[in-house]
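Subject: Structure handover

Hello,

Here is the structure for you to take over. My notes on it come after the display.

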Amino acid sequence: MNEPKFIYRDGMLADNGYVQWLKDLKARYRQCQAKAAVKVNTAMLEFYWSLGRDIIQKKAESKWGSGFFNQLSLDMRAMFPNEKGFSVTNLKYMKRWYLFYFEKVINRQPPVGQIGHQAGDEIRQQPADEIQNQIQAIRHQAGDEFEMPPQFGIVPWKHHVYIFTKSQSLEEALFYINKVASEGWSRLYLEQQVDEQLYQVQGAAITNFESTLPSPQSKLVQEILKDPYNLSFLTMKAKYDEHELEEALVANVTQFLLELGKGFSYVGRQMELQMPGGQTFFPDLVFYFIPQHRYIIIELKAVKYIPEFAGKLNFYVTAADELLRGEGDNPSVGLIICKSKDKTVVEWSLKDINKPLGVATYQLQEVVDRTVAELELKKKQKTEEEE
């Protein structure tokens with residue numbers, strides 16, 4: 001007969017082999033838990049997708065009347081009282097979720113292979129080949145039995161709802177789905193990135209990467225740069241200079257690293273560069289981008305871009321390649337972040353530069369607030385026109 005007793009650890013010799021094995025077991029079990037959670041999430045999403053498709057195909061609202069969603073919600077909750085996913089609102093989201101992708105795949109514009117989106121007054125290319133491949137795969141299997149794309153199963157339902165209700169295009173939705181799936185974004189972080197229009201700004205810096213970096217490196221580096229950079233976390237006085245801007249960024253380096261993006265590591269500021277002839281130079285900020293194993297030299301300018309800026313940054317990038325770049329590192333990259341720029345001036349000044357350089361702008365809180373207000377006004381006007 002079993003009796004209450006304490007379990008002692010005495011009598012076992014826990015050597016390094018056991019400790020390492022236990023560590024491995026823990027990691028394997030965590031992986032097992034993660035895989036199980038993904039399978040459960042995928043199965044639930046596939047059901048939501050199929051339910052949304054059924055509602056569309058059966059023309060349920062026309063066939064069964066305006067009270068259809070209320071009745072379906074009551075019936076589903078009666079059959080599955082412990083499930084929380086069958087509210088009227090959620091059922092309508094299931095329909096909209098399926099319809100969003102179905103309509104945008106069937107009635108696609110622009111054509112596959114020319115994936116672009118609005119950035120200011122220009123259309124720029126979205127260099128993400130992965131998104132092109134996904135769209136081609138989704139479109140290939142679209143039809144009356146349009147199935148949920150496999151990568152959707154990694155993304156939680158609430159993330160999906162936020163993505164398709166905020167995205168203006170198929171490319172934008174897939175961009176955020178890929179980010180959530182690959183980088184494990186929380187919903188709060190997703191909302192922050194959507195609000196800051198990451199899709200519109202990522203990869204938008206003007207660069208000379210195509211002529212200075214081999215493919216596919218040029219596309220990969222292009223994607224890590226933004227334009228503009230949102231520096232609304234800084235508190236600046238009405239008149240400030242580059243030194244004050246740099247001081248503020250270094251004081252808020254954690255927020256700046258978040259704005260630069262995942263994978264950036266801070267190396268230093270004003271690192272003294274001594275030359276044999278006695279001259280001394282001080283590049284503003286030096287970062288290391290871990291995923292691509294390369295140094296990123298950043299020069300800050302509190303004024304409009306002028307061509308002279310490129311020459312000095314070209315020199316700093318050369319110095320980084322000569323003195324910092326180690327075995328296994330990729331070529332260093334320079335980035336000028338300035339108050340404003342003229343597109344043609346930037347393009348001409350970078351044209352014959354032999355080092356990979358990019359130029360972007362920054363926004364402080366006043367500009368960010370005004371931009372958001374303008375976007376909200378445009379959305380409101382568009383909604384009123386559609387109604």
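This is a predicted model: local features need pLDDT of at least 70, side-chain atom pairs count only at pLDDT 80 or more; totals for chains, interfaces and linings use all residues.

Nonpolar cores

The largest nonpolar core has 40 residues. Those with the most contacts inside it are Trp49, Trp97, Tyr101, Phe152, Ile163, Tyr176 and Leu190. Several helices give two or more residues to this core, among them H1 (16-57), H4 (88-106) and H7 (170-183). Leaving aside residues up to four places away in sequence, Trp97 touches Leu45, Tyr48, Trp49, Met148, Phe152, Trp157, His160 and Phe164. There is also a second, separate core of 29 residues, which includes Ala248, Phe287, Val333 and Tyr362.

Helix H11

In helix H11 (residues 217-224), the buried residues are Gln217, Ser218, Val221, Gln222 and Ile224. These residues cover an arc of only 160° around the axis, so they sit on the same side of H11.

Strand E8 and its partners

Five of the five residues of strand E8 (residues 285-289) are buried, so E8 is largely enclosed by the rest of the structure. Leu285, Phe287 and Phe289 point one way from the strand, while Val286 and Tyr288 point the other way. E8 runs antiparallel to strand E5 (residues 264-269), to which five bridges join it; Tyr288 is the bridge partner of Ser265. Five bridges also join E8 to strand E9 (residues 294-304), again antiparallel, and here Val286 has Ile297 as its bridge partner. The hairpin of E8 and E9 has four residues between the strands, and His293 takes a positive phi near 55° in it.

Salt bridges

A search of the whole structure finds 11 salt bridges. Three of them are described here.

- Arg187 and Glu191: the closest N and O atoms are 3.7 Å apart. The two residues are four apart in helix H8, which means they are separated by about one helical turn. Arg187 is partly exposed, at 37% relative accessible area, and Glu191 is partly exposed at 22%.
- Glu259 and Lys226: the N to O distance is 3.6 Å. Glu259 is in helix H13 (residues 253-260) and Lys226 in the loop between H11 and strand E4 (229-230), so the pair links distant parts of the chain, 33 residues apart. Both Glu259 and Lys226 are buried.
- Glu246 and Arg269: the N to O distance is 2.9 Å. Glu246 lies in helix H12 (residues 242-251) and Arg269 in strand E5, so the pair ties together parts 23 residues apart in sequence. Glu246 counts as buried at 2% relative accessibility, whereas Arg269 counts as partly exposed at 25%. Salt bridges that share partners join Glu246, Glu247 and Arg269 into one network.

Regards

Conventions. Residues are numbered from 1 along each chain as its sequence is written. Side-chain values use heavy atoms; hydrogens and water are left out. A nonpolar core is a set of buried Ala, Val, Leu, Ile, Met, Phe, Trp, Tyr and Cys residues joined through side-chain atoms within 4.5 Å. Buried means under 20% relative accessible area, exposed over 50%, partly exposed in between (1.4 Å probe, protein chains only). Contact means heavy atoms within 4.5 Å. The arc is that of the directions from the helix axis to the C-beta atoms. Two strands pair if DSSP finds at least two bridges between them. A salt bridge is a side-chain nitrogen of Lys or Arg within 4 Å of a carboxyl oxygen of Asp or Glu.
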